[in-house]
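Hello,

Here is the structure I said I would pass on. Please look at it first, then read the notes below.

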Amino acid sequence: QVHLMESGGGLVQAGGSLNLSCVVSGRTLSLDPQGWYRQAPGKGREKVATISIFHSPTYADSVVGRFTIVRDNGASTVYLLMKDLRPDDTGVYYCMPGGWTLGPLFHSWGQGTQVTVSS
């Protein structure tokens, strides 16, 4: 059973930066594309970024040029490096194996990490 542990969230002012981490256990990271999702208050979960097994990233239009997804297969960790944060980036951020087209590979999500961007 895959286990996902997100961390690195926090409160930051608009224009600031945060780096999120996700440790994936129970499944070899290198086998799957990996993704980051977020859920804003009162909204559904949306896809933010994915990275293929060949380290090719795909981003939602709203984060292009500001977010970078990175995978470290040796450390079983996926990162989301976020800069120039905006108030509408606020939400709970989750990681999940899966690519941009196929989406999440599993049904069980981690606890997520809260990102709050103040204006």
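Val117 counts as buried because its relative accessibility is 6% (buried means under 20% relative accessible area, exposed over 50%, and partly exposed in between, with a 1.4 Å probe and protein chains only). Val117 sits in strand β11, residues 113-118. Helices (H or I, at least four residues) and strands (E, at least two) are DSSP runs, numbered from the N terminus.

Before the rest, some notes on the source. This is a predicted model, in which local features need pLDDT of at least 70 and side-chain atom pairs count only at pLDDT 80 or more, while totals for chains, interfaces and linings use all residues. Residues are numbered from 1 along each chain as its sequence is written, and side-chain values use heavy atoms, with hydrogens and water left out.

Leaving aside residues up to four places away in sequence, Val117 touches Val12, Gln13, Ala14, Leu85, Arg86, Pro87, Asp89 and Thr90. Contact here means heavy atoms within 4.5 Å. From Val117 to Cys22 it is 95 residues in sequence and 20 Å in space, C-alpha to C-alpha.

Cys22 belongs to the one disulfide that the structure holds. A disulfide is a covalent bond between the sulfur atoms of two cysteines; the cut-off used is a pair of cysteine sulfur atoms within 2.5 Å. The partner of Cys22 is Cys95, with an S to S distance of 1.8 Å. Cys22 lies in strand β3 (residues 18-25) and Cys95 in strand β9 (residues 91-99), so the bond ties together parts that are 73 residues apart in sequence. The torsion about the S-S bond is about 45 degrees, so this disulfide is right-handed. Cys22 is buried at 0% relative accessibility, and Cys95 is buried at 2%.

Next, the hairpins. Strands β4 (residues 34-39) and β5 (residues 45-51) pair in the antiparallel sense over six bridges; two strands pair if DSSP finds at least two bridges between them. In this pairing Gln39 of β4 stands opposite Arg45 of β5. Five residues separate the two strands of the hairpin, and Gly42 in the turn has a positive phi of about 75 degrees.

β5 also pairs in the antiparallel sense with β6 (residues 57-59), over three bridges. Thr50 has Thr58 in β6 as its bridge partner. These strands form a hairpin with five residues between them, and His55 in the turn has a positive phi of about 70 degrees.

Regards
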